[in-house]
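Please find below a short note for a reader who is new to this structure. The model is shown before the comments.

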Amino acid sequence: MTVAEVLVSVRKFDGRLHWHHPMVRLGEDEHGVWLGAQVGTVYSKGEVGPVYTTVEPRVMLFPRDAWWTALFQAAPADLDVYCDVTTPSEWPNPAEVTMIDLDLDVCRIRATGAVFVDDEDEFARHRVQYRYPQEVVAQATAAAAWLTAAVHDGTEPFSSQYRTWLDMVGQ
């Protein structure tokens with residue numbers, strides 16, 4: 001398998017660079033494009049530079065034309081699923097994927113399976129600060145509601161399908 005590195009570049013609504021980190025392209029399926037990151041992957045935030053280094057393997061799903069991305073983490077991460085509500089992912093070239101973070105996150109706690117929405121306060125603040133258009137607000141809230149139900153119910157790829165991709169990353 002040819003290893004193709006991809007830069008994941010997440011921005012805020014005003015265009016500022018938010019999270020950015022490298023991953024490796026694993027493949028595609030009916031859910032979208034899957035990227036993987038091994039232990040030791042460095043995540044940077046904005047212009048600050050490196051913020052943390054992963055201690056678990058992880059994979060990200062970039063669905064086609066959806067207002068979210070999904071991160072699946074192996075143990076020891078407390079959260080096994082972490083979905084960011086975003087604008088639909090764009091691929092300016094095969095080595096970069098970019099999207100705008102819309103603050104809302106849907107997470108699942110590994111130990112209990114509990115699902116919760118995080119950063120609703122940040123969404124409310126940024127909705128005013130960045131003047132999110134009504135269409136963006138509607139898409140973001142609909143995506144958060146759909147994700148909450150899908151992650152809670154174990155709709156694929158949130159049940160077990162992601163594990164196949166996670167196994168490809170290894171330890």
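The points below concern the cysteines, a hairpin and a surface patch.

1. The model is predicted, so local features need pLDDT of at least 70 and side-chain atom pairs count only at pLDDT 80 or more, while totals for chains, interfaces and linings use all residues. Residues are numbered from 1 along each chain as its sequence is written, and side-chain values use heavy atoms, with hydrogens and water left out.

2. The whole structure holds zero disulfides, a disulfide being a pair of cysteine sulfur atoms within 2.5 Å. The cysteine sulfur closest to that of Cys83 belongs to Cys107, and at 7.6 Å it is too far for a bond. Cys83 is buried, with 0% relative accessibility, and Cys107 is likewise buried at 0% (buried means under 20% relative accessible area, exposed over 50%, partly exposed in between; 1.4 Å probe, protein chains only).

3. Strands E4 (residues 42-45) and E5 run antiparallel and are joined by four bridges; strands are DSSP runs of at least two residues, numbered from the N terminus, and two strands pair if DSSP finds at least two bridges between them. Tyr43 has Tyr52 in E5 as its bridge partner. Three residues lie between the strands of this hairpin, in which Gly46 takes a positive phi near 55°.

4. Val51 lies in E5 (residues 49-53) and is partly exposed at 43% relative accessibility. Together with Val48 and Tyr52, Val51 forms a nonpolar surface patch with about 290 Å² of accessible area.

Technical notes. Patch = residues over 30% accessible without salt bridge, like charges linked within 9 Å, V, L, I, M, F, W, Y side chains within 5 Å. Areas by Shrake-Rupley, 256 points an atom, 1.4 Å probe, with all protein chains shown as cover. Salt bridge = Lys/Arg side-chain N within 4 Å of Asp/Glu carboxyl O.
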